Amino acid sequence: LRNVQLGYTFSTASVQRLRMKSLRIYVSASNLWTGTKYPGYDPEGAGRVNPNSDGGTGLVYFSSAIPQLKSFNFGIDAKF
């Protein structure tokens, strides 16, 4: 689940009482879930194929890899 956003836009009648033209609140998130049975960090991470592996197994190693970070954002979109 790469990106998701959930928001609510208030009705025009309710925001006019606050002397606004429009009002929307929202929350969004990125990199919430990776649906895979891969045992490593993340199949889209910075892993590399080991060219010196015995028998050409193509093992992926994560010597300097970090998993993708999850991020959450909250916001208000107000027009006056």
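**Surface.** I began with the accessible surface of the protein chain, which comes to about 6600 Å², with 56% of it belonging to carbon and sulfur atoms; these areas come from the Shrake-Rupley method with a 1.4 Å probe, and for residues only the protein chains shown count as cover. I note that this is a predicted model, in which local features need pLDDT of at least 70 and side-chain atom pairs count only at pLDDT 80 or more, while totals for chains, interfaces and linings use all residues. Residues are numbered from 1 along each chain as its sequence is written, and side-chain values use heavy atoms, with hydrogens and water left out.

Of the 80 residues of the protein chain, I find 12% counted as buried (under 20% relative accessible area, with exposed over 50% and partly exposed in between, 1.4 Å probe, protein chains only). Among contacts (heavy atoms within 4.5 Å) with a separation of 6 or more, 55% join residues 24 or more positions apart.

**Elements.** I looked up the order of elements and read β-α-β-β-β-β along the sequence, that is, one helix and five strands (DSSP runs, H or I of at least four residues for helices and E of at least two for strands, numbered from the N terminus).

**Sheet.** Three strands form an open antiparallel sheet in the order S1-S2-S5, where two strands pair if DSSP finds at least two bridges between them. S1 and S5 (71-79) stand at the edges with a single partner strand each, so one side of each has no neighbour in the sheet. The twist averages 15 degrees from one strand to the next (axes are lines fitted to C-alpha atoms, and angles run from 0 to 180 degrees between N-to-C directions). For S2 and S5 I noted antiparallel pairing over nine bridges, and Ser 30 stands opposite Ser 71 in S5.

**Nonpolar patch.** Tyr 8, Phe 10, Ile 25 and Ile 76 form a nonpolar surface patch with about 400 Å² of accessible area together. Such a patch takes residues with over 30% relative accessible area and no salt bridge, nonpolar side chains (Val, Leu, Ile, Met, Phe, Trp, Tyr) being joined within 5 Å; a salt bridge is a side-chain nitrogen of Lys or Arg within 4 Å of a carboxyl oxygen of Asp or Glu. Phe 10 lies in the loop between S1 (3-9) and H1 (12-16), and is partly exposed at 31% relative accessible area.

**Positive phi.** Arg 19, although not a glycine, has a positive phi of about 60 degrees; Arg 19 sits in the loop between H1 and S2 (22-30) and is exposed, at 75%. Asn 31, also not a glycine, has a positive phi of about 55 degrees; Asn 31 is placed in the loop between S2 and S3 (48-49) and is partly exposed, at 22%.

Key:
Patches are made of residues with over 30% relative accessible area and no salt bridge: like charges are joined within 9 Å, nonpolar side chains (Val, Leu, Ile, Met, Phe, Trp, Tyr) within 5 Å.
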